[in-house]
Every structure is written in C-alpha cells, then in structure tokens.
There are 2 protein chains.
Amino acid sequence: MKRNVLIIGAGGVAQVAAHKCAQNNDALGDIHIASRTIAKCEAIIASVHAKGSLKQPGVLQAHTIDAMDTPAVAELIRRTGAKIVINLGSAFVNMSVLEACIATGAAYMDTAIHEDPLKICEQPPWYANHEWKRREQCKAAGVTAVLGVGFDPGVVNAYARLAEDRFLDTIRSIDIIDINAGRHDRWFATNFDPEVNFREFTGTVLSWQNGQWTPNKMFEVSQTWDLPVVGPQRAYLTGHDELHSLASRYPQADLRFWMGFGEHYINVFTVLNNLGLLSEQPIKTAEGLEVVPLKVVKAVLPDPASLAPSYTGKTCIGDWVKGTKDGKDAEVFIYNVADHASAFAEVGSQGISYTAGVPPVAAALLIADGTWDTRTMVNVEDLDPVPFLRLMDRMGLPTRVRDAQGDRPWDEVTGV
Amino acid sequence: MKRNVLIIGAGGVAQVAAHKCAQNNDALGDIHIASRTIAKCEAIIASVHAKGSLKQPGVLQAHTIDAMDTPAVAELIRRTGAKIVINLGSAFVNMSVLEACIATGAAYMDTAIHEDPLKICEQPPWYANHEWKRREQCKAAGVTAVLGVGFDPGVVNAYARLAEDRFLDTIRSIDIIDINAGRHDRWFATNFDPEVNFREFTGTVLSWQNGQWTPNKMFEVSQTWDLPVVGPQRAYLTGHDELHSLASRYPQADLRFWMGFGEHYINVFTVLNNLGLLSEQPIKTAEGLEVVPLKVVKAVLPDPASLAPSYTGKTCIGDWVKGTKDGKDAEVFIYNVADHASAFAEVGSQGISYTAGVPPVAAALLIADGTWDTRTMVNVEDLDPVPFLRLMDRMGLPTRVRDAQGDRPWDEVTGV
C-alpha cells in the first residue's frame with residue numbers, strides 16, 4: 001500500500017490529475033501539487049474546491065518547486081510523505097524527478113519522454129537515451145517507475161497489450177491513431193504546451209516498419225481513417241514516444257503513429273517551421289539578445305488551458321491492430337472517444353488534457369493498492385491492462401472495440 | 001557647393017548609395033559610411049573597390065556610429081567634413097541624425113518616415129508627428145533637409161509633380177503602384193529590413209480619399225493593374241509615407257498607395273500577424289526573458305542583402321495619375337522598370353535596394369551643385385522634378401510614361 005500523491009506541474013493535465021486524485025482521495029490520501037509558479041497550483045486547488053471534487057475531507061496543498069533540482073524534489077517528497085509522484089512537468093524534468101524518487105523510494109510516473117532541451121529527435125529507441133539507463137537503479141532500489149502513462153503514450157500501450165492478450169494470436173501491425181475533432185474559438189492554438197507540441201513535429205518522423213526504424217518527413221505520409229463517432233479523418237505519420245517501447249515487445253510488427261491535423265494547423269506549422277521560428281537553438285537579435293525562437297512562439301500562443309471554456313467536439317484515440325486469430329487474418333480497433341465540453345464541465349479542462357490526466361491517476365490507484373506496484377521500471381505494455389482499463393471505464397475514459405463482430409464496450413468482448 | 005558625403009547605415013540600400021556616390025565622387029568628394037557595425041561598412045567599401053566603382057581616386061572610409069546619439073553624429077559630421085548626410089539607417093534614427101545636421105549645418109536626406117519603436121501607425125499626416133516639427137529650425141539654420149528621397153517615397157513624389165507640371169491641368173487622383181515581379185531562391189524573405197517591412201502592414205491602412213484620411217484593413221482592398229513589362233498585377237491598398245506629404249499639395253485628389261503581394265507573402269504575413277509575432281510590444285517568455293516578437297522574426301529571416309545573387313525579374317513602380325487636360329479627362333502612368341540581375345551585376349544589390357539607393361545620391365548631386373540646396377526642409381514634390389529625373393535616367397533608373405499617346409521615355413514627351 002502506497003499513499004499520498006505529489007503532482008509535479010500545474011498545467012491543464014495537472015489540473016485534471018488533481019481533480020481525479022481528489023475524487024479518489026479515500027484511496028490516495030494527501031494530495032500535493034508543486035510547480036515553479038505556486039499561483040498556478042493554488043488556482044488548481046481552488047478549482048478542485050469549486051467543483052467539490054474532494055471525495056472526503058483531506059490534505060490538498062500547493063508548493064513551489066524547481067523540478068530540475070533533484071535534492072529539492074527529494075526534500076519535498078520526504079516533507080509531504082508522498083509515496084507516489086505523478087510527474088506532469090515539462091519534458092525536460094523527467095530525469096531530475098525520477099532521481100528524486102529513486103533517492104526517496106517513492107513511485108514515479110510520467111506521461112511523456114524525457115527530452116534534452118537542445119536536442120530534437122534523438123537516436124531511437126528514445127527510452128534508451130535517458131529512462132532505461134535508470135532501470136537497474138530502480139530495480140536495485142525497489143522503486144516503481146511507470147513510464148509514459150498518459151493516453152498516448154499510456155492507454156494506447158495498454159490497448160496494444162489488450163489486443164495481444166485477448167484478441168489476436170499474432171500481431172502484424174499496430175497503427176495508433178490520435179484524432180482531435182474538436183473546435184475552439186481561437187485563431188490558432190496548440191492543445192498542450194506549444195513547445196512540446198511543436199518539438200514533436202520538427203524532427204524526423206520515425207516509425208518501426210519491417211523490423212527497423214524508418215525515417216520520413218513530417219506531413220510526408222498521410223492516410224484517411226474511418227473512425228467511430230468522428231468519421232473519416234486524415235491523419236499523418238508522426239514520430240511518437242510509444243513506438244520506442246512497443247518496438248521492444250512487438251519487434252515483428254509494423255508500428256506507426258498517426259495524428260490528425262487540419263489544413264490550418266499544417267499551414268501555420270509550415271510557415272513557422274520554414275522560417276526557423278520552431279527552432280530550439282538560440283539565435284541573436286540585431287540588438288544582441290540571445291533567445292530561443294520556439295520559446296517566443298510559445299509565449300505568444302494561447303495558453304492551452306484557456307481554450308477549455310469554448311472547446312466543443314470529440315477526440316478519438318485508439319489502436320488499429322492487425323494480425324491473425326485462429327490462423328485467419330483478423331483486426332480490431334480498440335479506442336476511446338472523449339468529449340471536450342464534458343471534460344470542462346467535470347474538471348475545468350479541455351478533452352486533450354483530460355485524456356492525458358486521467359490515466360496517471362488510474363495508475364496511481366493501481367500502485368496504491370499494489371496491483372501495479374512493480375518495484376522496478378516498466379512501460380505500460382509490460383503490465384496487465386485489465387485492471388487499468390476497468391478503472392478508466394469508471395473514471396471517465398471508457399474503452400470500446402470495433403471488429404468484424406461490431407462496435408461495443410471492451411469488457412463485453414473480453415468478458416473480464 | 002556642398003561636398004563630402006556621410007552615409008549612415010550599412011544595409012542593402014546603403015551599399016547601392018555607396019556605389020553610386022563612388023561613381024560620382026568627382027562631384028561629391030569624400031565618401032564616409034557609418035553604422036553600428038563597422039564590419040558591414042567595410043564590406044561595402046570592399047564591394048565598391050571590387051567593382052571599381054570609384055570614378056577617381058578619393059576618400060572612402062568606414063566609421064562606427066550609434067545613430068541615436070546626436071552629439072556623436074554631429075562630431076562625426078565635423079570630423080569628416082561632410083556637408084551632405086544620407087541617412088539610410090533604421091527608421092528610428094531619423095530625428096537624432098536630423099538634429100546633428102541642424103547642429104552642424106550639413107544637408108540631410110532620408111528615404112523613410114521617422115518611427116517611434118513602440119508605435120505603429122501614428123496620427124496622419126505622419127510627417128507632422130516628427131519631421132515637420134523641425135521645419136522652422138531647419139529654415140532658421142539654413143539647413144537643407146530633403147525628406148523621403150528614395151523611390152517610394154521619393155521618385156514617386158517627383159512623378160506626381162511631373163504630372164502636375166507637364167501632363168495635366170487638374171489632378172483628380174494619384175494611385176502609386178509598387179510591384180516587385182522578381183523571384184529569389186529563398187522560401188520566404190522580405191526585400192528590405194523585415195522590421196520596417198512588416199511594420200508597414202500591421203497598422204491601419206490609411207489613404208487620402210474625398211478630402212479625408214480613410215481607414216482600411218491590410219489586404220482588405222485590392223485591384224489588378226495592367227502594367228508595362230510586368231503585365232497584370234494584383235496589388236493591395238497599403239499605408240505609405242508619401243501619401244502623408246502629397247495630401248498637403250494635392251488635397252483635392254484621391255491619393256492611394258498599392259503594393260503587390262503574392263499569395264505566399266500574404267499567407268506568411270497573416271500567420272505571423274495573427275499569432276502576434278509581428279508585434280512591436282515586448283512580451284515575456286515562460287523563463288522571464290523580455291523580448292519583442294518582431295525582432296525575433298527579423299533575426300530568423302534572411303538578410304535582404306543575401307537575396308541579391310539569386311534575384312531575377314523586374315520591379316515596376318509608378319504613379320497612375322488621373323485628371324483633366326484642356327478640359328477633357330486624361331490620365332498618365334509615369335513609371336520606372338528596374339531589373340534585379342542588372343542591379344546585382346552593377347552594385348552587388350538586388351533591385352529593391354537599387355531603386356531605393358540611387359535616388360538619394362541623385363539628390364545629393366543636386367544639393368552639391370546647388371540645384372536642390374533649399375536651405376530649408378522639403379518633401380520631394382516641393383522641388384522641380386526635371387533635373388532629378390534627368391539625373392536618374394543617366395544613373396540607372398530611367399523614367400517612362402504611358403498615356404493615350406503610347407509608352408515612351410518621359411523626356412520625349414516633355415521635351416526637357
């Protein structure tokens with residue numbers, strides 16, 4: 001049994017996680033939120049109180065932290081008595097927070113790969129560059145570390161494992177498809193941190209095909225997928241974290257990630273990228289000021305959290321898995337559909353934050369009750385997906401499947 | 001007789017002016033070039049020597065200057081013995097350089113309106129905000145100041161005066177049309193300082209129509225003009241300096257400025273502008289760094305001078321003037337066509353720099369020989385255009401006219 005949660009970060013995803021922790025504080029205990037700007041943590045706490053999200057009276061506290069400062073994070077973990085850390089800070093702080101967890105014995109979770117601020121698209125597999133180098137340390141210290149447990153990566157890894165465990169005998173390909181068919185009232189905005197968002201698309205697109213990493217350019221390869229609820233959607237081959245762990249478990253399969261983009265997004269991205277405004281490398285202005293263009297773009301774009309009130313429409317994210325069953329070709333699409341307006345009504349965030357913020361709290365509950373308390377470092381596909389997806393059903397992100405037999409809830413099919 | 005020229009600035013236009021001064025150094029005397037970065041002045045001097053532009057052996061010297069520092073500019077004017085200052089620095093230094101000319105008695109010229117770094121599109125007429133406030137001072141000190149003597153403003157003001165003097169009895173409208181039908185090998189670039197370029201289009205578009213300043217939005221009003229050499233060209237109603245002096249001389253006429261833009265330019269501009277990246281107001285990055293977005297955009301864009309080697313095609317800039325002659329409706333298009341590749345071959349700059357850099361040197365020659373040595377502040381339409389256009393014919397920017405009688409050199413028509 002592990003109790004007391006420390007959330008690192010105070011963006012839209014952290015807000016969702018805070019609400020979901022609060023809704024489950026009978027099982028999770030005290031809830032702490034820490035970020036560089038304490039006012040953002042306090043705003044989240046105010047939102048939790050305003051929505052009455054706390055299941056029972058309990059501790060809900062804000063802290064200031066520099067998440068790059070491992071000793072400071074370790075000290076905060078000790079001071080708060082947190083046994084579970086949900087790291088939802090920027091992509092640059094994963095390793096410093098993980099080190100603090102190793103030092104204190106707290107369980108660690110994140111929702112995106114660690115990144116070096118000055119590098120885009122490191123050598124594949126990405127997890128081997130930073131995270132997996134600490135696997136032996138986690139094992140030796142008996143520290144539970146669940147990597148990439150948002151929606152994608154995270155839930156989509158569990159969907160892959162579900163396909164393996166319950167639907168197919170062999171897996172030939174896994175196409176992960178991420179569609180946001182929502183609308184908001186801003187001229188342009190990214191759905192999460194613009195810096196992280198754009199960094200995903202400025203490097204080489206890597207997919208795992210024919211047993212090797214295959215490079216493409218962004219927006220070079222597209223395919224229209226006919227999906228439940230949101231209908232036919234054009235999506236583009238995109239580099240993404242989960243391929244870099246799934247390739248270890250499914251080396252025989254083609255693994256691709258597809259993200260939906262509208263023409264407007266592509267146009268804005270193309271202009272900014274071609275001009276060099278998405279670069280993570282510092283430049284100098286005529287006045288001699290050194291500045292990273294991408295950070296300036298981030299500063300002028302809307303805060304993704306500010307989109308929430310006007311956001312309508314739905315997301316559809318899932319795994320299209322092909323292989324064989326009983327010697328015959330078979331395929332299944334395992335997916336979730338989330339609704340922006342419902343997410344806002346429940347926790348004050350838009351649907352993209354919601355899909356990323358609920359899964360780590362489900363994972364926290366499974367660590368708290370011992371089900372997923374692995375005492376080593378794992379990716380989500382290493383774990384039994386059933387208790388996770390069952391929790392997600394009840395926490396607002398129900399899983400459905402569509403295959404030759406039709407479209408229905410996953411547990412009707414698997415009978416778990 | 002005034003001799004010895006000091007050029008302030010070391011961009012593409014200054015390079016053209018330096019070459020043209022060198023080609024006429026028998027009349028102009030010593031040539032000095034000063035900018036914040038002396039290396040840029042030295043590169044221009046090297047280019048003048050490489051092309052053999054000096055007509056006769058003479059002084060050609062580089063200096064470091066902060067053009068915002070009036071006493072330093074005055075000291076440089078005295079030290080160099082310059083009697084003519086051609087200010088081709090940024091739009092923010094006009095007044096500090098003009099003050100230095102008033103203090104020393106040197107003649108002053110510029111090619112664009114003075115701007116306050118923090119203001120876009122001040123109250124019309126723009127010249128009344130800064131320049132004309134110093135008119136009495138110039139008169140009292142007997143200082144010649146020729147404002148806006150590039151191509152537009154500048155030559156187009158002379159074209160308006162030529163229409164008044166030689167072609168029409170009454171003037172009903174003057175449409176100034178600026179088309180660059182050239183191509184270069186960069187994905188996107190502005191043809192002159194991006195900061196100045198974009199600032200022209202982010203404010204309200206002001207034209208003088210029906211006896212008053214009329215506001216429009218950028219890209220709101222367009223018209224296709226069928227022009228000599230470059231053919232039919234779509235151009236957009238744009239705010240521009242020359243309207244703000246011409247409205248004093250031609251208050252009865254509709255005065256409009258039209259600039260040609262391709263769809264690609266408009267798209268890039270629209271993305272940058274809508275995102276707030278063309279703002280002249282400082283913003284703060286998440287890391288707390290204060291930065292002006294427009295200056296970052298400027299820093300990532302190609303240096304306009306770097307376009308020159310690959311630039312091909314032509315520019316066409318002129319005045320389409322309508323009114324009456326001998327009681328009947330009449331109209332005339334007075335224009336110049338310049339060629340990018342020829343400009344590069346002659347002076348190492350592209351055509352846009354060439355059209356802006358030649359006219360102030362023609363004006364310098366007219367100040368040097370006394371023809372335009374007005375000993376007060378003037379705009380170009382206040383001066384006799386004939387000696388100016390005759391000089392321009394011989395210096396590489398010949399004037400042509402097209403009217404009901406056909407298309408031919410201006411002096412065949414006017415017989416000057």
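This is a predicted model: local features need pLDDT of at least 70, side-chain atom pairs count only at pLDDT 80 or more; totals for chains, interfaces and linings use all residues.
The interface between the chains brings 28 residues of chain A into contact with 28 residues of chain B. About 2300 Å² is buried between chain A and chain B, and carbon and sulfur atoms account for 76% of this area. On the side of chain A, the greatest losses of area to chain B fall on Trp187(A), Leu275(A) and Val300(A), which together make up 25% of what that side buries.

Between chain A and chain B, 2 salt bridges are counted. A salt bridge links Glu287(A) to Lys295(B), with 3.0 Å between the closest N and O atoms.

Chain A is divided into domain 1, formed by residues 5-151 + 351-395, and domain 2, formed by residues 155-349. The C-alpha centres of domain 1 and domain 2 of chain A are 21 Å apart. Contact between the domains of chain A involves 42 residues of domain 1 and 43 residues of domain 2. Together, domain 1 and domain 2 of chain A bury about 3600 Å² between them, with 64% of it on carbon and sulfur atoms.

Across the interface of domain 1 and domain 2 of chain A, 2 salt bridges are found. A salt bridge also joins the side chains of Glu115(A) and Arg199(A), with an N to O distance of 2.7 Å. The count of residue pairs in polar contact between domain 1 and domain 2 of chain A is 22, with both residues at pLDDT 80 or more. On the side of domain 1 of chain A that touches domain 2, at least two residues each are supplied by α1 (12-23), α13 (351-368) and α14 (385-395). That side of domain 1 of chain A has 25 nonpolar, 10 polar and 7 charged residues.

Over all chains, the number of salt bridges comes to 38. One of the pairs in salt-bridge contact is Arg79(A) with Glu75(A), whose closest N and O atoms are 3.2 Å apart. Because Arg79(A) and Glu75(A) are 4 residues apart in helix α4 (residues 70-80) of chain A, about one helical turn separates them.

Several features of the backbone were noted in loops. Most residues other than glycine have a negative phi, and most peptide bonds are trans. In chain B, Pro124(B) and Pro125(B) are joined by a cis peptide bond with omega of about -10°. Pro125(B) is located in the loop between β5 (107-110) and α6 (135-141) of chain B. A cis peptide bond also joins Asp152(B) and Pro153(B), where omega is about 5°. The loop that holds Pro153(B) runs between β6 (145-147) and α7 (155-167) of chain B. In chain A, Asp326(A) has a positive phi, near 55°, although it is a residue other than glycine. Asp326(A) is placed in the loop between β15 (314-325) and β16 (328-339) of chain A.

Note on methods: Residues are numbered from 1 along each chain as its sequence is written. Chains are lettered from A and ligands numbered from 1 in the order in which they are written. Side-chain values use heavy atoms; hydrogens and water are left out. Contact means heavy atoms within 4.5 Å. Buried area is the accessible area (1.4 Å probe) that two parts lose on being put together, summed over both. A salt bridge is a side-chain nitrogen of Lys or Arg within 4 Å of a carboxyl oxygen of Asp or Glu. Domain bounds come from an automatic or database domain assignment. A polar contact is a pair of N or O atoms within 3.5 Å; within protein, one must be able to donate a hydrogen and the other to accept it, and residues adjacent in sequence count only if both atoms are side-chain atoms. Ala, Val, Leu, Ile, Met, Phe, Trp, Tyr, Cys and Pro count as nonpolar, Asp, Glu, Lys and Arg as charged, and the others, Gly among them, as polar.
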